[in-house]
Amino acid sequence: MRLLALLLAVLMMLSPAAAQDRARLDLGASALVESGRAWWGDPPLELRLALTKAVPWRVNIVSDPVRLVLDIRDVDLNGADAKALFGAGLATDVRWGRYRDGWSRVVVELPGPYRIASAVQKTTPPLPQITVTLEPVAEADFTAPPSATAALRGLPDPAEVEALPPREGLVVVLDPGHGGFDPGALAEGETEANLVLVFALELRKALQDRGVQVVLTRESDTFVPLEERMTLAREARGDLFISLHADALPTGQAAGATVYVWNPRSDGQAAQHLVNRHERSDLISGVDFGGQDDALAAAMMDFARTDTQPRSENFARWLSQRMALMGIGQHGRPVQGAAFSVLKSPDIPSVLLELGFISDYNDRANLLNPEWRDRMVMVMSEAVLGWARDEGQRASMLRK
Ligand SMILES: [Zn+2]
């Protein structure tokens, strides 16, 4: 049987009214209990967390030592003492605290190897409740988390529950596509990998000059697997992830800048062609990125994205509108959906920008022209700052 060691489950409460006040943990109604008989070793366990309303959440088992890690969002844990949880003694340790922007983390250190048998959030009265049932497994059957959701691999070490200091300013992660043994698209002696790196370095400088913190997923001609690019973004606590490309398509199929946002159901043929090409380089490198998603986890990822997706789409709009205002040539459909793996982060707004198509004569000339790049750098810097202000204002409105 397949071990579902990483399960992401989210229920979004998206009405503005619901966003105004945070859920509270009802400690009195929460518990860790034995949920059955132990046939050997440790007993099956059930963790119940009662909340004043349903929240986005995700749950995961990690090793060394074995522990259940439950992330919950918009929950006020202030004043709730983890040691006072009913049944806390069944675990080696129970702790919780603020974890990162808006998320709190509950860590239950387990007495031995376990697997998650089920994890559900009941949203109906009297109290919404997250229930996670855990079954003991033999040491030999316990494996450190395989990927149920590849996009979430590389989460920061859940061993620590600590209050991260509030972060100042905006962090933008720039992801120059391809690199190393994967040059990307080729035309007239130019490689996509090099063109997008040159552009990323110029854009970094411009953003930094405007006070934005910038993290690059690569700064030289090296290969970085897709998944690692997302991990870097998460580790940097990025507010925005921008993957930069300049791909090739058969003549006549594409010209002009195109912004892609995540859409697994996109039926655009050109987009699918690009997606296939991008995933292939990862397969060549030995990283099996695409194949391991559980259908269940994948479906749940879609819920997670209901929060991030509108912010990604908002940035795509900002970018496209700025390009239009500044006379940057765009594709006939400047904003499109596609299932690029790098856009899968459930918690970081992400877009993939085809600056142009290296296969198109004009686009290629633009990419090689420092004046065009200056204009595009300006467009993107303004789009980033405009979007950030827009999102910031929305957030403060919600907090009122
Ligand atoms: Zn590319």
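Which residues have the most contacts inside the largest nonpolar core? Before I answer, a word on the model. It is predicted, so local features need pLDDT of at least 70 and side-chain atom pairs count only at pLDDT 80 or more, while totals for chains, interfaces and linings use all residues. Residues are numbered from 1 along each chain as its sequence is written, and side-chain values use heavy atoms, with hydrogens and water left out.

By a nonpolar core I mean a set of buried Ala, Val, Leu, Ile, Met, Phe, Trp, Tyr and Cys residues joined through side-chain atoms within 4.5 Å; buried means under 20% relative accessible area (1.4 Å probe, protein chains only). The largest one has 41 residues, and Ile-242, Leu-353, Leu-355, Met-376 and Met-380 have the most contacts inside it. Among the elements that each supply at least two of its residues are helix H2 (192-209), helix H5 (295-325), strand E16 (240-245) and helix H7 (370-399). Helices (at least four residues) and strands (at least two) are DSSP runs, numbered from the N terminus. H7 gives the largest share, eight residues.

Leu-353 touches, with heavy atoms within 4.5 Å, residues including Leu-244, Val-259, Met-323, Met-376 and Met-380. Apart from this core lies another, of 36 residues, among them Val-66, Ile-72, Leu-110 and Val-132.

I turn now to a sheet. Four strands form an open sheet in the order E3-E4-E11-E10, with antiparallel pairing; two strands pair if DSSP finds at least two bridges between them. Its edge strands are E3 (31-34) and E10 (114-122). E3 and E4 (residues 45-50) are joined over four bridges, and Ala-31 stands opposite Arg-48 in E4.

Methods: Buried means under 20% relative accessible area, exposed over 50%, partly exposed in between (1.4 Å probe, protein chains only). Lists of a residue's contacts leave out its neighbours within four places in sequence.
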